[in-house]
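My entries follow the order in which I looked.

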Amino acid sequence: MLTKRIKRLSPYVPGEQPQDRSYIKLNTNENPYPPTPLIEPFLKSFEIERLRRYPDPLFGTLRKAISKRFNIDISQVFVGNGSDEVLAFAFYAFFDSARGKLIFPEFSYSFYPVYCDFYGIEYRKIPLNENFTIDIDDYLDEESSCGIVFPNPNAPTGILLPLEKVTALMERYPEDRVVIIDEAYVDFGGESAISLIGRFKNLLIIRTFSKSMSLAALRLGFAMGDEGLVNALFAVKDSFNSYPADLIAQKIGEIAINDTSYYHSITQKIIKSREFLSKALEDLGWRVLPSNANFIFAGKKGLKGESIYKRLKEEGILVRHFNTEGIENFVRITIGTDEEIKTLIASIQRLF
Ligand SMILES: Cc1ncc(COP(=O)(O)O)c(C=O)c1O
């Protein structure tokens, strides 16, 4: 009954979304603060009659708002149902192992190998430096890669690759192969590569509304890059699902992207809490990688990430651990509210 294809799949396992009890949930990098208050009046006055018609398949007003916000042309913007979907479309459009393997960091977003397996794209994971940073020379050494993808800041490490290094990578990488920079966490103190879009036709930046804009449930993501790349993404979308972002999502996305002052204020709060938590854990003898994201990657000598995770879960606190060799002694902790962070620190102090 089932195809061979489906038997070969090894799907991505999303972080726990427990429904049994309420946890201090610091495991899936959600935002601890609500999305912009401007959404409420919109929803209250929304005319339900409008749901009768299909939404705009070109996401016109949302793409316009995104292009204005980032000072690029609307033809350089694509929108999808979460950045996971945008990534999925991009892998299909740009990576073909007939031209070499796709390369990405050894420790990075675990959906990348899943897409590769799904499409049959061969890939190679490039080890990080000892301090978990990316060395761009390792990506240029690859004799025949069909493209590059990496999150910046990286996940789960939280470490940023500075813009000058990104620029150097783009300058030296073959211009007929696409480089995707997944900027899911860039708003938390990263340096975006948007300024390079006009210069490099092979650069695609992917962003999400799920993290800094606190809209993970809405499922909205976008890509920015040369018009040729954007057109290719539209071709994939229209061969799969013409309406991945519904009318309400498009409207709310527009409201969110325009409310820069609200989002600036909650982002600053998260950055402050991150620094507070990092210092508190370091004071307790933990190793904390320098993060520019809304999470930290931390561990304590002699403790497995899994046992930290289990003991915190018993306390009603969820964090994320990875049983992958090389990062098995770390946990990834999403930055919560100050109160949540203080509870976490108190538990850690008591337990470990
Ligand atoms: C690096 C990275 N990229 C993309 C995503 C997907 O985000 P979404 O599909 O919610 O836009 C995530 C989610 O955790 C992520 O960590």
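**Basis.** I worked on a predicted model, in which local features need pLDDT of at least 70 and side-chain atom pairs count only at pLDDT 80 or more, while totals for chains, interfaces and linings use all residues. I numbered residues from 1 along each chain as its sequence is written.

**Domains.** I first looked up the division of the protein, which gives domain 1 (4–35 + 261–351) and domain 2 (52–259); the bounds come from an automatic or database domain assignment. The C-alpha centres of the two domains lie 24 Å apart. I then listed contacts, where two residues are in contact if their C-beta atoms, placed from the backbone, lie within 7 Å. By this rule 29 residues of domain 1 are in contact with 27 residues of domain 2. Helix 10 supplies six residues, the largest share of the side of domain 1 that touches domain 2. That side divides into 18 nonpolar, nine polar and two charged residues. Here Ala, Val, Leu, Ile, Met, Phe, Trp, Tyr, Cys and Pro count as nonpolar, Asp, Glu, Lys and Arg as charged, and the others, Gly among them, as polar.

**Helix 10.** I took helices (H or I, at least four residues) and strands (E, at least two) as DSSP runs, numbered from the N terminus. Helix 10 covers residues 260–283, and its 24 residues reach 34 Å from first C-alpha to last, close to the 34 Å expected; the expected span is 1.5 Å times one less than the number of residues. Its buried residues are Tyr263, Thr267, Ile270, Arg274, Leu277, Ser278 and Leu281. I call a residue buried if 20 or more other C-beta atoms lie within 10 Å of its own, exposed if 12 or fewer, and partly exposed in between, with C-beta atoms placed from the backbone. These buried residues of helix 10 pack against strand 9 (287–288), strand 10 (295–299) and helix 12 (338–351). Just after helix 10, I noted a positive phi of about 90° at Gly285.

**Core.** The largest nonpolar core has 99 residues, and Ala90, Leu204, Ile205, Ala223, Leu233 and Ala298 touch the most other members. Such a core is a set of buried Ala, Val, Leu, Ile, Met, Phe, Trp, Tyr and Cys residues joined through C-beta atoms within 7 Å. Helix 4 gives the most to this core, with seven residues. I also looked up Ala90, which, leaving aside its neighbours within four places in sequence, is in contact with Ile180, Leu204, Ile206, Ala223 and Leu233.

Eleven of the 13 residues of helix 4 are buried, among them Gly82, Ser83 and Asp84. I found 13 residues around the ligand, the closest being Gly82, Ser83, Asp84, Thr208 and Ser210; a residue is near the ligand if its C-beta atom, placed from the backbone, lies within 6 Å of it. Helix 4 gives the most to this shell, with three residues. The shell divides into five nonpolar, six polar and two charged residues.

**Gly100.** I located Gly100 in the loop between helix 4 (82–94) and strand 3 (101–105). Why is Gly100 partly exposed? Gly100 is so classed because 18 other C-beta atoms lie within 10 Å. Leaving aside its neighbours within four places in sequence, Gly100 is in contact with Ser144, Ser145 and Cys146.
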